[in-house]
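The following note sets out several points on the structure shown below.

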Amino acid sequence: MDLVARLRAAGCVYAENEAAVLTAEASDSGHLEQMLARRIGGEPLEQVVGWAKFAGLRLAVTPGVFVPRRRTEALAREAVAVTPPAGRVLDLCCGVGAVAAAIRTSRPDADLHLSDIDPFAVDCARHNVPSAAAHTGDLFDPLPRGLQFDVIAANAPYVPTDHIAQMPPEARHHELRAALDGGPDGVQVHRRIAAGLGSWLAPGGHLLIETAEHLAPLTAAALHRAGLATRTIHDEALGATVVTGISGGEAEENA
């Protein structure tokens with residue numbers, strides 16, 4: 001069987017595209033066969049080749065880390081839009097630093113910080129955004145006290161616990177469970193972020209959280225309880241939903 005046929009037989013929907021990527025990345029036939037075996041075994045293509053595309057960037061990805069999704073480009077775009085000149089920005093639950101990397105390209109003067117519970121993802125984020133300050137730990141816990149952020153962008157997990165089993169095997173078996181599991185209703189981590197916000201968000205600052213469209217009211221309610229005015233943005237093209245909380249602002253219509 002040729003490369004495309006073997007990938008298709010393994011259930012890879014975009015077998016032709018994946019075959020082209022694997023061939024381009026292979027140093028020789030043996031290397032190609034090794035990568036093919038990993039992909040057929042269910043490992044995400046991005047982890048196999050060591051990089052992922054995001055917002056026109058090529059980001060380092062290593063085995064076991066959360067692979068950035070294209071829909072998160074909406075979160076990055078909205079974060080860029082509200083980042084002031086020389087603003088301080090936190091990419092919370094940063095994974096490999098995809099949102100921070102996108103912000104860096106558009107706001108090179110931003111003071112960027114990264115935080116994630118997965119040390120392997122943080123290592124990738126350091127590589128992808130070397131100018132950012134990287135912190136390893138649970139949500140705000142590892143951050144130096146006294147910092148305030150103009151923008152906090154969070155791609156926190158929002159898959160309900162009972163739905164993890166329905167996710168594609170490449171996510172279930174090859175990405176950190178903590179990067180996927182949003183608790184019983186999918187919004188548990190969003191509530192923890194809102195409850196722990198305290199003085200981390202500067203007056204007039206923005207907290208942006210990626211969520212699912214059907215969960216947006218719950219995410220918005222969590223931010224509202226934290227004293228933030230909220231708005232919800234849906235991007236149909238990307239299949240993305242972002243809830244924004246504004247410190248000291250007024251609620252806006254959904255977009």
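1. Strands S8 and S9. This is a predicted model. In it, S8 and strand S9, residues 240-247, run antiparallel and are joined by 8 bridges. Arginine 231 has threonine 244 in S9 as its bridge partner.

2. The sheet around them. These strands belong to an open sheet of 7 strands with mixed pairing, in the order S5-S4-S3-S6-S7-S9-S8. Strand S5 (133-136) and strand S8 (228-235) stand at the edges; each has a single partner strand, so one side of each is left without a neighbour in the sheet. On average, and ignoring direction, neighbouring strands of this sheet are turned by 15° against each other.

3. Helices against the sheet. Helix H5, residues 73-82, lies across strand S6 (149-154), strand S7 (201-211), S8 and S9, and runs at about 165° to S7. Helix H9, residues 188-195, also packs on the sheet, where it touches strand S3 (88-92), S6 and S7. The direction of H9 makes about 175° with that of S7.

4. The chain as a whole. The secondary structure comes to 10 helices and 9 strands. The radius of gyration is 19 Å, close to the 18 Å given by the globule rule for 255 residues, so the chain is as compact as a globular protein of that length. Along the principal axes, the C-alpha atoms fill a box of roughly 60 × 35 × 30 Å.

5. Contacts and surface. Of the contacts between residues at least 6 apart in sequence, 58% join residues at least 24 apart. Buried residues account for 51% of the 255 residues. The chain exposes about 11,600 Å², and carbon and sulfur atoms supply 53% of this area.

6. The largest nonpolar core. Which residues have the most contacts inside the largest nonpolar core? They are Ile103 and Leu112, in a core of 34 residues. At least two residues of this core come from each of strand S1 (51-54), H5, helix H6 (98-106), strand S4 (111-116), helix H7 (119-128), S6 and S9. H6 gives the most, with 6 residues.

7. Leaving aside residues up to four places away in sequence, isoleucine 103 touches Ala79, Val80, Val89, Ala110 and Leu112.

How values were computed
Residues are numbered from 1 along each chain as its sequence is written. This is a predicted model: local features need pLDDT of at least 70, side-chain atom pairs count only at pLDDT 80 or more; totals for chains, interfaces and linings use all residues. Side-chain values use heavy atoms; hydrogens and water are left out. Two strands pair if DSSP finds at least two bridges between them. Helices (H or I, at least four residues) and strands (E, at least two) are DSSP runs, numbered from the N terminus. Axes are lines fitted to C-alpha atoms, for helices over the stretch in contact, and angles run from 0 to 180 degrees between N-to-C directions. Contact means heavy atoms within 4.5 Å. The radius of gyration is taken over C-alpha atoms; the globule rule is 2.2 Å times the number of residues to the power 0.38. Buried means under 20% relative accessible area, exposed over 50%, partly exposed in between (1.4 Å probe, protein chains only). Accessible areas come from the Shrake-Rupley method with a 1.4 Å probe; for residues, only the protein chains shown count as cover. A nonpolar core is a set of buried Ala, Val, Leu, Ile, Met, Phe, Trp, Tyr and Cys residues joined through side-chain atoms within 4.5 Å.
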